[in-house]
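Please view the structure below before reading on.

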Amino acid sequence: MQANYSTFLLAGHTVHRIEFFPATFIDADLLWLPHHAQLTDAGRKRKSDHLAGRIAAAHALNALGERTIPGIGPSGEPLWPQGISGSISHSGTQAMAVASRDQKVLIGIDCEAILSENEANEIKEGVIDAQEESVISRAGFPFALALTLTFSAKESLFKALFPEVKTMMGFDSARLTMLDNESLTLVLTRPLAGFEEGTAFALHWTRDRDCVITLL
């Protein structure tokens, strides 16, 4: 599969990005992955997305001196090497990963295409509540952009927390309380294993063409 590799900084952290061309993907490309047999029954899009994400992760690990590729956990989560925390995201024809040589740090990254106004209004009730809509209104951003950011930030938070809480989380598990030009804050609306209700998490964000990227 043809792909281009680059990096960029977000909140002082290096994000490793792969821009890939799905039309060039062939099943033999998966043989590069030690866990390729687990993807045998996956669809073509799933295979190319997964491969691009693991290529990004391999670059993130290589930057830390690790020569390995994260496997697949029982819930589909990436399995990072002992002593390392990391996160992977893919959207459209790009994938990205970030990793840290600190297993205790929480890391979550997410990339989302910015919703249209119609799409944002159609899904908003499943993503935010009335309090969050008020926060978004006060922030002064176009509603579709702000909702996409909130959606993405919650995805980043859930990715970061999953290794600790080992449970799936709905969008109502966290509430947006602040949004500005570079960051946003999410607060847990219920206790999760090891985290009390009301625990706040600060995330950073950036816009990249027609996408937003959020990082915890």
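## Cysteines and cores

Cysteine 111 is buried, with a relative accessible area of 2%. This value, like the others here, comes from a predicted model. Cysteine 211 is buried too, at 7%.

| Cysteine | Relative accessible area | Closest cysteine sulfur |
|---|---|---|
| Cysteine 111 | 2% | 4.2 Å, in cysteine 211 |
| Cysteine 211 | 7% | 4.2 Å, in cysteine 111 |

A disulfide is a covalent bond between the sulfur atoms of two cysteines. The two sulfur atoms have to lie within 2.5 Å to count as one. The sulfur of cysteine 111 is 4.2 Å from that of cysteine 211, so the pair is too far apart for a bond. The count of disulfides in the model is zero.

In soluble globular proteins, nonpolar side chains tend to be buried together. Here the largest nonpolar core has 35 residues, and Leu157, Leu161, Leu184, Leu186 and Phe201 have the most contacts inside it. The element that gives the most is H4, with twelve residues.

What does leucine 184 touch, leaving out residues up to four places away in sequence? Its contacts are Leu149, Ala153, Leu176, Met178, Leu179, Phe201, Ala202, Leu203 and Trp205.

Notes. Residues are numbered from 1 along each chain as its sequence is written. This is a predicted model: local features need pLDDT of at least 70, side-chain atom pairs count only at pLDDT 80 or more; totals for chains, interfaces and linings use all residues. Side-chain values use heavy atoms; hydrogens and water are left out. Buried means under 20% relative accessible area, exposed over 50%, partly exposed in between (1.4 Å probe, protein chains only). A nonpolar core is a set of buried Ala, Val, Leu, Ile, Met, Phe, Trp, Tyr and Cys residues joined through side-chain atoms within 4.5 Å. Helices (H or I, at least four residues) and strands (E, at least two) are DSSP runs, numbered from the N terminus. Contact means heavy atoms within 4.5 Å.
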